[in-house]
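These are my notebook entries on one structure, set down in the order of looking things up. The sequence and the model come first, and the entries follow.

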Amino acid sequence: SIFNSSNQMKILSSKLKRVMKRMVWIIINHIKSGEFEVEGTEVGFGKDRQFSAIEIELSDGNKLMLTGVIDRIDIAKTEEGKYIRIIDYKSYNKDLKLSDIYYGLQLQLLVYLDATIDNKKDENAITEEQILPGGMLYLKLDDPMIKTKKEIDVEAIESEIAKKLRMKGVILSDARLLKAMDSNMVSESSVLDLSIKKDGTYTSKVPSASKEQFNDLIKHMKSILKKMGN
């Protein structure tokens with residue numbers, strides 16, 4: 001095969017295999033740690049796809065039909081409702097900032113979230129009344145090296161690797177969601193940059209927004225798309 005054609009390609013093949021094994025391990029751990037289950041992968045929205053295209057009516061009466069493919073959709077069914085989280089895979093570190101969304105610099109994951117909530121094609125599809133916007137997250141595809149000043153055991157190494165592969169993005173400011181994200185968390189989460197205090201309260205370095213703020217962001221995003229379409 002092409003991966004055995006040269007030493008360089010053999011090294012690349014070995015690295016790809018390591019990354020694939022690591023990511024399967026981390027995704028399984030993320031799912032096992034919380035209440036979310038994978039609803040779909042490579043989920044399309046647009047013509048003849050699972051979800052409808054996002055329609056933006058332009059000033060001249062024409063419509064902008066926005067389509068795309070979502071890497072992964074996860075859903076957690078709780079007594080509070082169904083939380084949805086959008087996962088996008090990246091080969092590099094990427095953060096999602098509320099300010100960048102507001103200024104139209106990072107609209108991709110918000111578009112994906114809106115496509116899954118505001119869909120009209122499937123009668124059995126998720127509706128806004130059923131769903132809560134749990135989060136929009138990036139997951140880096142990597143098999144990181146761990147630096148340590150002293151010798152540590154395999155379990156500690158795996159724990160440090162998991163921390164380096166925690167997802168980044170924006171989540172709903174909701175304590176129930178945090179529990180759904182990582183139900184097994186004792187002091188620090190391996191899923192997101194979260195920790196829990198002795199009194200049971202959470203501390204988070206992950207940007208968060210209320211449900212109302214998510215709705216406002218989606219409206220603002222559509223106004224930006226309309227300007228771009230015009």
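**Entry 1: salt bridges**

I looked up E188 and found that it forms a salt bridge with R166, the closest N and O atoms being 3.4 Å apart. A salt bridge here is a side-chain nitrogen of Lys or Arg within 4 Å of a carboxyl oxygen of Asp or Glu. E188 lies in the loop between helix 5 (175–181) and strand 8 (194–196), and R166 in the loop between helix 4 and strand 7, so the pair ties together parts that are 22 residues apart in sequence. Helices (H or I, at least four residues) and strands (E, at least two) are DSSP runs, numbered from the N terminus.

The model is a predicted one: local features need pLDDT of at least 70 and side-chain atom pairs count only at pLDDT 80 or more, while totals for chains, interfaces and linings use all residues. Residues are numbered from 1 along each chain as its sequence is written, and side-chain values use heavy atoms, with hydrogens and water left out.

I then checked accessibility, where buried means under 20% relative accessible area, exposed over 50%, and partly exposed in between (1.4 Å probe, protein chains only). R166 is buried at 16%, whereas E188 is partly exposed at 38%. Salt bridges that share partners join E160, K163, R166, E188 and D193 into one network.

I searched the whole structure and noted 16 salt bridges. One of them links the side chains of D95 and K168 (3.8 Å, N to O). D95 lies in the loop between strand 5 and helix 2 (98–102) and K168 in strand 7, so this pair ties together parts that are 73 residues apart in sequence.

I also recorded the salt bridge of D114 with K222 (3.5 Å, N to O). D114 belongs to helix 3 and K222 to helix 6 (residues 211–229), so parts 108 residues apart in sequence are tied together. D114 is buried, with a relative accessible area of 4%, and K222 is partly exposed at 25%.

**Entry 2: the sheet**

How many strands form the open sheet, and in what order? I noted 6 strands in the order 1-4-5-6-7-10, with mixed pairing; two strands pair if DSSP finds at least two bridges between them. The edge strands, each pairing on one side only, are strand 1 (37–45) and strand 10 (208–209).

I followed strand 5 next. Strand 5 is mostly covered, with 8 of its 10 residues buried. A hairpin joins strand 4 to strand 5 through 2 residues, and these two strands pair in the antiparallel sense over 7 bridges. Strand 5 pairs with strand 6 in the parallel sense over 9 bridges, and I86 stands opposite M136 in strand 6.

**Entry 3: two helices**

I looked up helix 1 (residues 7–33) and helix 4 (residues 154–164): their axes come within 11 Å and cross at roughly 85°. Axes are lines fitted to C-alpha atoms, for helices over the stretch in contact, and angles run from 0 to 180 degrees between N-to-C directions. The two helices are therefore roughly perpendicular to each other, a term for angles of 65 to 115 degrees.

R22, W25 and I26 in helix 1 meet E158, I161 and A162 in helix 4, contact meaning heavy atoms within 4.5 Å.

Technical notes:
Angles under 35 degrees count as roughly parallel, over 145 as roughly antiparallel, 65 to 115 as roughly perpendicular and the rest as oblique.
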